[in-house]
Amino acid sequence: MGYEPGKRQPAFLRDVFIVPEEFYLPDVAIEKFVSCNAPFYPGFSRQQFNTYLEEFSIPLENSLQQMSYGQKKKVLISFALACNTSILLMDEPSNGLDIMSKSQFRKVIAGAIDDNKCIIISTHQVKDLENLIDRITIIDEGNILFDQTIDDISSKLSFRVSFDDEDAKNALYREESLKGNVIVTANTYREDF
Amino acid sequence: MTANFSFKRLAQLIAKQWIENRRMYWMSALALLGLLGIVFTIWAVNGGKQYNEEVPYVIGLFGLFITGGVFASTAFNMLGTKDKGIYWISFPASHLEKFLAVLFFNLIVFSLVYLLCFSLLKMLAESYIQVLIDKYPGEYSYRKINWSRDENFSVVLLNFIYAFFAVQAVFLLGSVAFKRFSFIITIVLIAAFIFSFIFYITKIAKAFPDHNFDLFTVSNDIPGAPALTRNM
């Protein structure tokens with residue numbers, strides 16, 4: 001983008017949106033929140049925002065402080081997506097969302113992705129988002145331990161559940177579960193992910 | 001207008017800050033009116049029979065320093081918590097615009113609201129005193145300040161107002177520097193600074209025993225030097 005993030009220039013900030021895990025929203029109605037925040041984001045689409053809220057089943061006339069944590073998060077995610085920034089950072093976006101809301105979240109994100117947006121999601125709950133991800137980066141203490149596209153990973157590794165003890169013994173990684181052993185093996189047969 | 005400053009964005013930021021905090025601002029204004037009202041009521045009811053206009057100004061100045069300090073120490077409290085800090089820092093406006101928006105509310109709006117509350121309450125208290133004077137002529141009196149004659153008072157008042165802006169600046173700095181209890185910590189630091197300053201001046205005064213030099217008065221007795229004058 002050609003900016004130094006540390007300088008936090010307005011031109012950079014209006015093209016980046018952050019949905020933190022611990023977030024703050026002011027004590028105002030949704031309408032007021034949009035009217036005073038949206039002018040700062042040139043790509044904001046009111047129509048998109050209303051559509052996302054509808055998909056999340058959030059009534060527009062609600063005050064943000066009267067909402068539950070999950071509802072507030074859905075308003076923030078809707079606003080973040082409607083801002084149409086080039087970069088959208090989400091930290092544990094599915095935390096605090098119930099099963100129904102997680103499903104709505106996946107649907108909304110899948111519909112919002114396009115070539116002009118880069119959505120970076122930091123999560124411990126990969127299961128919630130696995131169908132949306134096209135690149136995985138594992139970071140530990142600020143160091144990148146792993147950074148591969150899903151296509152690269154699936155061409156080299158196979159992930160499956162196995163009841164065969166021999167399979168489990170030969171696996172690169174295995175984890176016992178109620179359904180058997182979840183194993184990671186070399187993808188010798190060129191299976192899909 | 002530059003990449004980091006735009007009047008339009010500043011106006012939008014001020015509007016946003018007003019919309020998001022107006023409930024708190026209204027409550028603060030009411031609390032201010034209530035607190036000043038209590039002090040003015042005590043003065044009007046128990047102020048004796050010879051009222052003096054200097055008293056409300058002294059009350060006003062003390063109130064200005066205390067409430068101004070409290071308000072200024074909350075100016076950057078958005079930076080005190082992670083969630084609010086991210087919301088504030090990641091918002092698309094420059095540091096300068098955010099700072100000016102805070103200054104707008106802390107210096108301009110606060111000062112105007114304080115002046116309005118003070119003037120209103122002073123007027124009400126004076127009206128009450130006037131009623132007493134009319135009802136018991138000769139018993140009650142109200143000495144008004146003669147601004148052209150009481151030169152010292154107007155100088156002191158002006159200097160206190162300058163000092164208010166300096167103190168506001170310190171409390172604003174305190175609200176950025178300290179995450180919690182910024183008001184109390186800033187007061188402690190100001191007190192420490194003042195005590196250190198007094199200690200330092202006292203030491204200097206002792207080093208020059210032949211000169212009339214103390215904390216509150218300075219006289220120029222250096223041979224050949226021009227006399228100290230004050231331009232009004």
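## Sheet and interface

In this predicted model, chain A carries an open sheet of three strands, arranged in the order β1-β2-β3 and paired in parallel. The edges of the sheet are formed by β1 (16–19) and β3 (118–122) of chain A, each of which pairs on one side only. Direction ignored, neighbouring strands of the sheet are turned by 10° against each other on average. Strand β2 of chain A, residues 87–91, pairs with β3(A) in the parallel sense over five bridges, and A:Leu89 stands opposite A:Ile120 in β3(A).

The second step concerns the contact between the chains. Chain A contributes 21 residues to this contact and chain B contributes 24 residues, and between them the two chains bury about 2100 Å², of which 65% lies on carbon and sulfur atoms. Within the area that chain A buries against chain B, A:Pro10, A:Tyr24 and A:Phe40 supply 33%, more than any other three residues.

The count of salt bridges between chain A and chain B is one; the side chains of B:Arg23 and A:Asp27 meet in a salt bridge, at 3.1 Å from N to O. Three residue pairs, with both residues at pLDDT 80 or more, are in polar contact between the two chains. On the side of chain A that touches chain B, the elements giving two or more residues are α1 (10–13) and α2 (30–37) of chain A, and the largest share, four residues, comes from α2(A). The residues of this side of chain A divide into 13 nonpolar, two polar and six charged.

Conventions: Residues numbered from 1 in each chain as written. Chains lettered and ligands numbered in written order. Predicted model: local features only at pLDDT ≥ 70, side-chain atom pairs only at ≥ 80, totals over all residues. Heavy atoms only, no water. Pairing = 2+ DSSP bridges. Axes fitted to C-alpha atoms, helices over the stretch in contact; angles between N-to-C directions. Contact = heavy atoms within 4.5 Å. Buried area = accessible area lost by both parts, 1.4 Å probe. Salt bridge = Lys/Arg side-chain N within 4 Å of Asp/Glu carboxyl O. Polar contact = N/O pair within 3.5 Å; in protein donor to acceptor, adjacent residues only side chain to side chain. Nonpolar A, V, L, I, M, F, W, Y, C, P; charged D, E, K, R; others polar.
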